[in-house]
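The structure is shown first.

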Amino acid sequence: MSRLAASLASALAVASCGGEQVSRTAALEEPIRIASGQFIAGALPGLPSPSGSEDAGPGVTPLVSDVQVLTNTIAPGMAGLDFGGHASPNAQTVEVRFADLGTGYWVVPVGVPDPSANDALTWQFTADFGHDLAPGPHELLFAAVDANGASGTQLGVSFCVDTPVPDNFNACSPKIAPPAAVLSLTWNTAVDLDLIVRTPSGVTVGGKNVTTAAPGSSVKAASGGSNGVLDHDSNRNCAIDGIQREDIVWQTTPAAGAYGVWADLFGACGRPAVNFIATLWIAEPGPDGGRRLVEQPPLAVGELVASQANGGTAPGLYLGSFNFQ
Amino acid sequence: MSRRIPLVASLALATATQSSVVRAEPPPAVQPDDVEIPAPPPAPESTAAPTSPATPATTAAPASTSASTAVPALAPASAPALAPTPAPTPDPELAALRARLDALEAKSPSEPAHPLVRSDPPGPPTTSFDGSPWSRVWGRGLQIGGYVQAQYQHSQLSENQLDANGSPLNQNRLLVRRARLRVDRGWDYAAATVEVDGNNNNGVAFGLRRAEGSLLLRSSDPLAPPLLAFSAGLSDIPFGYELMDPNRSRVFLERTTSSRAFFPGDNDFGARLTGAVGYFRYAVAVLDGTPVPDSEPASAGFDATSEKDIMARLGAEAQPRDDLGVGGGVSFVRGTGFHAGTPATKDSFQWRDLNGNGAVDAGETVALPGSASTPSSTFSRWALGVDIQIRAKTPIGRSLLYGEAYVGSNYDRGLFVADPVATGIDLREVGWYVAFLQEITPYAVIGLRVDAYNPNGDSTTQRAGTVFPVDQTITTWSPMVGLVLPNRARFVFQYDHVADHEGLDARGVPTDLRNDQWALRLQVEL
């Protein structure tokens, strides 16, 4: 049936004098998504940007002359990052894709000329990024296409994708030391799941208490150092934030002893079940001499069902314990 | 060897050709009453020569292959030939004729009288070949019917993802497109109809599709539409041809793009005055202007404006030859659209993490002051349509060639919903289609339909600061093939190649979106 349909489609495309066809896809598997753009599979048009651009000259038009964006660090799953800039006056569209990620590029029409920039054409778009972006440096390539379909020199802009685990931007700036340890709980459905840890001194972190510091400690002492701090309460009271992970971060080596870990399904938020993984990250020396967070074998992998939601009346499901020396 | 003479059918056809009712074939209800008559044995060459002068007439009749001419020719020709024959030895041919006459006489007492047969309402049309919806015969008595349309559909737009509202983007589905149950009760001067539908186009939904009471002034011809019918309730929208062609009988799977844009549902609430005088067909209606769509029946049924849509159609139906019928008409509607106002809002506060650092920085917060409500408003809308249909009988089966053209202003209510209050300009819509259907024996049908719809004749796009006119026409080529069990079921495959300008190529020029679709549908009568 599919072959028949394909043959029929080809014949009808000829009959209707159809030209190039494009797909309307949300392209949610792509690392970058532009809601106002058209996604086209394939390599980015244009000429690769020459290295050592000092001697490369102005480049072949049409081209994107500049890119304006407020950050060069991208968090996985980041939404609503605004891009803008200028393109040469003969451009009709701006194309953008990651040099090393994704399967195609996005097309965005250019806007009106900017008198303050020699009548270069303005462009802008708002982009979202995938949750599974590989951490580390990546180059975002920009190209422009004129009315004849010709494209000039590409423009590359370096970005760094941060790790989902809070590492003090160590993945993008290795000179910044990562935390000594991070305990992460991640899950796959939009439920209010809480990470609970009980320290050797008997302090429970999670829910209303966000630090391992002893009660009565100063704010400064409680919020860093060897005290673990819960970064946030994801999907709190079923206000779904889409993050679906919680981390307890120790900036310096934690107090020695056994730490007990629980996963508490505070609220199922209408979902039947949730799968979760608890993982410990430890800072270790890297090949370049610096330190970086290294993922340890999963502490626990499991599932909770809606009937196990307890509204915080119990610590939840015990996952196990780990020791700091 | 035997021959089958459809006596009553041929009489009905002969009568039908004298009326203005367009029927491509006799009503199926009378076909079982055909008379089975043994054919005469072949006359030897030696006996043909000495027969009386009347003989050529009698020998000519069996040689005829036309049932409608054979039966009238038989009776008057054989009677005078038989009366004066004194010969004691029976002529073999004469004996055969007598035997046939005896069979006819034996059959006739058990048959209903001719007018009685014709007053039986024909069954509802099950394909578009079966007759024009504008020549609908209103039956008497209680009729219960319905049908089920189950199908598999496939679309190039389908994705295993959710849209921004959380609705699935998958369109490759098995679904019950329509499951209809209809009850009609016809009286001499009144009629009532109730029809309900169940489907899972957008989740399982059940709803009212037709609830109509009518007062009738019937024609003297029981197989002609009423001279005048006044109907009130939820019923047909008397505009053009395609909209009136019931979902049950339309061989193409769905209405054309322009028809669905102008009329997102098949039925509307209101009152109608319809009828037929000779060749002419007329309809005047006052409607809410809120057609009931199959996919979201709960969304219809409440008119936001007090003004009603006024609709009219003037047409004609004729059958100039036994094997040819033509029909057509001009339709017009004028109504009032609704632009919804906005409710009052309270002060609010918005944060956008412009630099993506997860912290609230200067310049990332915006105060949104509350806003007073804005009033709703109305706007004028209209549409004009011209339709034509040509029906023919060919050696391989019935043919139907039909087409329609529309123009409208602000009348798109289903696809690119027109709101001139929001856009600041009146939207000009243009649409047309041409369709051809051909039966290949009663058991197969093929067809091709081409339709085009432009939702905004003044559409523009802007590239590099320059405004360009842009053609938004959506053209759909729809070939189809089907297998038919007459009046029982049909199995149809239809492919829709959609050529539009909804995509964008690398130059920023609108280009064709990959959005073809096909479907396999099984429809079975209840």
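## First disulfide of chain A

Cys160(A) has a relative accessibility of 9% and therefore counts as buried, the limit being under 20%. The model is a predicted one. Cys160(A) is bonded to Cys172(A), with the two sulfur atoms 1.6 Å apart. The link between Cys160(A) and Cys172(A) is left-handed, with -90° about the S-S bond. Distant parts of the chain are connected here: Cys160(A) belongs to strand E12 (residues 155–161) of chain A, while Cys172(A) sits in the loop between E12 and strand E13 (181–187) of chain A, and the two are twelve residues apart.

Is Cys172(A) buried or partly exposed? Its relative accessible area is 21%, so Cys172(A) is partly exposed.

Cys238(A) and Cys269(A) form another disulfide, with an S to S distance of 2.0 Å. This link, between Cys238(A) and Cys269(A), is left-handed, at -90° about the S-S bond. The pair also ties together distant parts of the chain, 31 residues apart. Cys238(A) lies in the loop between strand E16 (229–230) and strand E17 (245–250) of chain A, and Cys269(A) in the loop between strand E18 (257–267) and strand E19 (273–285) of chain A. Cys238(A) is partly exposed, at 32% relative accessibility, and Cys269(A) is partly exposed as well, at 25%.

Over all chains the count is two disulfides. With bonded cysteines counted along the chain, the disulfides of chain A follow the pattern 1-2, 3-4.

## Nonpolar cores

The largest nonpolar core has 31 residues, and the members that touch the most others are Phe83(A), Trp123(A), Phe125(A), Phe129(A) and Phe142(A). Two or more residues of this core come from each of several elements of chain A, among them strand E2 (32–34), strand E6 (81–87), strand E10 (120–129) and strand E11 (136–145). E12 of chain A is also one of these elements. Which strand gives the most to this core? That is E10(A), with five residues.

A second, separate core holds 29 residues, including Leu243(B), Val251(B), Leu253(B) and Tyr411(B). In soluble globular proteins, nonpolar side chains tend to be buried together.

## Nonpolar surface patch on chain B

A nonpolar patch lies on the surface, with about 800 Å² of accessible area together. The patch is formed by Tyr189(B), Leu215(B), Leu217(B), Leu227(B), Leu228(B), Phe230(B), Leu273(B), Val277(B) and Val284(B). Strand E6 (205–217), strand E7 (228–236) and strand E8 (267–277) of chain B are the elements giving two or more residues to the patch.

Leu273(B) is located in strand E8 of chain B. Leu273(B) has 33% relative accessibility and so counts as partly exposed. Patch members need over 30% relative accessible area, and Leu273(B) has 33%.

## A sheet with strands from chains A and B

An open sheet of three strands has mixed pairing and the order E1(A)-E23(B)-E22(B). Its edge strands are strand E1 (21–22) of chain A and strand E22 (503–504) of chain B, each of which pairs on one side only.

How do E22(B) and strand E23 (residues 510–513) of chain B run, parallel or antiparallel? They run antiparallel and are joined by two bridges. Within this pairing, Gly503(B) is opposite Thr511(B) in E23(B).

Notes: Residues are numbered from 1 along each chain as its sequence is written. Chains are lettered from A and ligands numbered from 1 in the order in which they are written. This is a predicted model: local features need pLDDT of at least 70, side-chain atom pairs count only at pLDDT 80 or more; totals for chains, interfaces and linings use all residues. Side-chain values use heavy atoms; hydrogens and water are left out. A disulfide is a pair of cysteine sulfur atoms within 2.5 Å. Helices (H or I, at least four residues) and strands (E, at least two) are DSSP runs, numbered from the N terminus. Buried means under 20% relative accessible area, exposed over 50%, partly exposed in between (1.4 Å probe, protein chains only). Patches are made of residues with over 30% relative accessible area and no salt bridge: like charges are joined within 9 Å, nonpolar side chains (Val, Leu, Ile, Met, Phe, Trp, Tyr) within 5 Å. Accessible areas come from the Shrake-Rupley method with a 1.4 Å probe; for residues, only the protein chains shown count as cover. A salt bridge is a side-chain nitrogen of Lys or Arg within 4 Å of a carboxyl oxygen of Asp or Glu. Two strands pair if DSSP finds at least two bridges between them. A nonpolar core is a set of buried Ala, Val, Leu, Ile, Met, Phe, Trp, Tyr and Cys residues joined through side-chain atoms within 4.5 Å.
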